[in-house]
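Welcome! Here is a short briefing to read with the structure open beside you.

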Amino acid sequence: MSKISMTVNGKSVSGEVEGRTLLVEFLREDLKLTGTHVGCDTSQCGACTVHVDGKQVKSCTMFAAEADGAEVKTIEGEANADGSLSVVQQAFQDYHGLQCGFCTPGMVMAATALLGKNPKPTELEIREHLEGNICRCTGYHNIVKAIMAASGQDVPAVAAE
Ligand code: FES
Ligand code: FES
């Protein structure tokens with residue numbers, strides 16, 4: 001076991017983990033931040049997406065010990081300080097970018113990361129960015145629309161709709 005410390009959603013946290021403990025396990029089981037989901041555990045679905053030092057990471061692909069000293073942001077840290085939904089979260093609600101909601105935390109974290117580096121992405125850029133995030137329900141169109149809206153762009157009918 002080794003002791004680790006990191007900042008999660010602006011708060012300092014620490015814990016004891018085994019070398020094999022994944023970041024997603026530390027977040028969900030030790031910190032009880034269960035908004036980060038596990039859909040596959042094999043790096044394919046993106047449900048476990050968080051930000052580590054500002055970069056989008058699938059938290060099932062990283063050991064908790066590797067995040068020692070890092071700044072981590074999860075879906076629980078996405079809302080505004082007053083508890084209102086973030087622009088991206090609100091757009092997902094407004095454009096019905098979710099159905100069962102299982103993929104949604106990962107989708108929102110992926111979308112936030114995209115808009116952080118590309119504030120006005122094209123539809124194609126959004127679709128390419130979401131390649132690592134699987135949604136079994138929506139068919140993706142409304143997710144794409146939500147991200148277009150969150151970026152302040154017009155929301156045209158999307159391709160292949
Ligand atoms: S649980 Fe991490 S990619 Fe699916
Ligand atoms: S809303 Fe159900 S998996 Fe995406």
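Predicted model: local features only at pLDDT ≥ 70, side-chain atom pairs only at ≥ 80, totals over all residues.

The chain holds five helices and five strands, and the points below take you through some of them.

**The chain as a whole**

- Starting at the N terminus, the order of elements is β-β-α-β-β-β-α-α-α-α.
- The C-alpha trace spans about 50 × 35 × 25 Å along its principal axes.
- A compact globule of 161 residues would have a radius of gyration near 15 Å, and the 16 Å of this chain agrees with that.
- Of the 161 residues in the chain, 37% are buried.
- Among contacts with a separation of 6 or more, 57% join residues 24 or more positions apart.

- How many of the 10 residues of α5 are buried? Eight of them are, so this helix is largely enclosed by the rest of the structure.
- The buried residues of α5 are Asn142, Ile143, Val144, Lys145, Ala146, Ile147, Met148 and Ala150.
- These buried residues pack against α2, α3 (104–117) and α4 (123–129).
- Just after α5 comes Gly152, with a positive phi of about 80°.

**Where α2 meets α5**

- Helix α2 (residues 87–94) packs on helix α5 (residues 141–150) at an angle of about 135°, and their axes are 8 Å apart. That angle makes α2 oblique to α5.
- The crossing of these two helices, α2 and α5, is right-handed.
- On the α2 side the contact is made by Val87, Val88, Ala91, Phe92 and Asp94, and on the α5 side by Ala146, Ile147, Ala149 and Ala150.
- Sorted by class, the residues in the contact of α2 with α5 are eight nonpolar, no polar and one charged.
- As a reminder, an α-helix has 3.6 residues a turn, so residues three or four places apart point the same way.

**Where α2 meets α3**

- The angle between α2 and α3 is about 125°, with 10 Å between their axes. The two helices, α2 and α3, are therefore oblique to each other.
- The crossing of α2 and α3 is right-handed.
- Val88, Gln89 and Phe92 of α2 make this contact with Thr104, Val108, Ala111, Thr112 and Leu115 of α3.
- By class, the contact of α2 with α3 has five nonpolar, three polar and no charged residues.

**Two residues with positive phi**

- Asn9 has a positive phi of about 50° although it is not a glycine. You will find Asn9 in the loop between β1 (2–8) and β2 (11–17).
- Is Asn9 buried or partly exposed? Asn9 counts as partly exposed, because 18 C-beta neighbours lie inside 10 Å.
- Lys32, another residue other than glycine, has a positive phi near 60°. Lys32 sits in the loop between α1 (23–30) and β3 (49–52).
- Lys32 is exposed, because 8 other C-beta atoms lie within 10 Å and a residue with 12 or fewer counts as exposed.

- Met6 belongs to strand β1. With 22 C-beta neighbours inside 10 Å, Met6 counts as buried, because the cut-off for a buried residue is 20 or more.
- Which residues does Met6 touch, not counting those up to four places away in sequence? They are Val13, Ala67, Asp68, Gly69, Ala70 and Val72.
- Met6 and Glu78 are 72 residues apart along the chain, and their C-alpha atoms are separated by 17 Å.
- Phe63 lies in the loop between β4 (55–58) and β5 (71–73). Phe63 counts as partly exposed, with 17 C-beta neighbours inside 10 Å.

How values were computed. Residues numbered from 1 in each chain as written. Chains lettered and ligands numbered in written order. Axes fitted to C-alpha atoms, helices over the stretch in contact; angles between N-to-C directions. Helix = DSSP H or I, 4+ residues; strand = E, 2+ residues; numbered from the N terminus. Parallel < 35°, antiparallel > 145°, perpendicular 65-115°, else oblique. Left-handed = near helix turned anticlockwise from the far one by under 90°. Contact = placed C-beta atoms within 7 Å. Nonpolar A, V, L, I, M, F, W, Y, C, P; charged D, E, K, R; others polar. Rg over C-alpha atoms; globule rule 2.2 N^0.38 Å.
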